[in-house]
Amino acid sequence: SLSFNKIDKFIVKFKIGVLNDRCLAFTRGVTKKIAKSYINNTRKRKLNCFLTLRNTPYLKRYNFIFDNKKNIKMYSNKKILFKTNIDDYNQVKNIEQYIENLNTNILKPIFLIYNNKKPFFDTNPKISVSLINLNTIRHIERRINKKINFERFRANIYVDNLEPWHEFNLINKYIYINKVKFLVHERISRCSITNINPKNYNIDINFPNTLNKLY
């Protein structure tokens, strides 16, 4: 829930979701013992105890990249600020303290936790893969006469060539993507994170309010 990163190919694992999606998280305002309990216990996790753009919009200035060598890189304006291997205790402690000191409004302490078998979904304890219909976004664009960057929705999968809003007709049905079978479970509730333009990180629209007014 920090920064959006595009990939063209990924692996889906049964009972895990997209491999390595949301496998890292920063907890905020809880003890290290509680933070550690969140690693494996998905039912204990409380969304507000994680650092997100929703509760800490200041972080919109930064981008985070996690690579296949288990390094997390923190950027600002394409300049690398930190490169931390998550298996190195001292490096992890340094990035935790760095984030704590970024802004006085950041709720402390901060702890970095990792689990690629039980990712940190905002739908915990449910496992989810998100899907967005690009024609639905275009439909909204026409209604408000404003370009909407699709990346602000941070979906796992974007689909085209569907009628606007047709994805709602797929709920409780199975669909296949590259021979992988998915159950379309429910609509996604929209929060204030969608107000942030991922290109410049400005808050340029009240998206949940706009949806309520239009639809």
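View 1. F168 counts as partly exposed because its relative accessibility is 31%; the term covers values between buried, under 20% relative accessible area, and exposed, over 50% (1.4 Å probe, protein chains only). W165 is also partly exposed, at 23% relative accessibility. This is a predicted model, where local features need pLDDT of at least 70, side-chain atom pairs count only at pLDDT 80 or more, and totals for chains, interfaces and linings use all residues. Residues are numbered from 1 along each chain as its sequence is written, and side-chain values use heavy atoms, leaving out hydrogens and water.

**View 2. Aromatic pairs.** Ten aromatic pairs occur in the structure. The ring centres of W165 and F168 are 5.5 Å apart with planes at 55°, so this pair is tilted. Rings of Phe, Tyr and Trp (its six-membered ring) pair if their centres lie within 6.5 Å; planes under 30 degrees apart are stacked, over 60 edge-to-face, and the rest tilted. Look also for Y38, F50 and F120, a cluster linked by ring pairs.

**View 3. Charges over rings.** Here K181 lies over the face of Y174, 4.3 Å from the ring centre. R143 lies over the face of Y215, at 5.3 Å from the ring centre. To qualify, NZ of Lys or CZ of Arg must be within 6 Å of the ring centre and within 35 degrees of the ring normal.

View 4. Helix α3 spans residues 134-144, and its buried residues include L134, I137 and I140. Helices (H or I, at least four residues) and strands (E, at least two) are DSSP runs, numbered from the N terminus. Just after α3, N145 takes a positive phi of about 55°.
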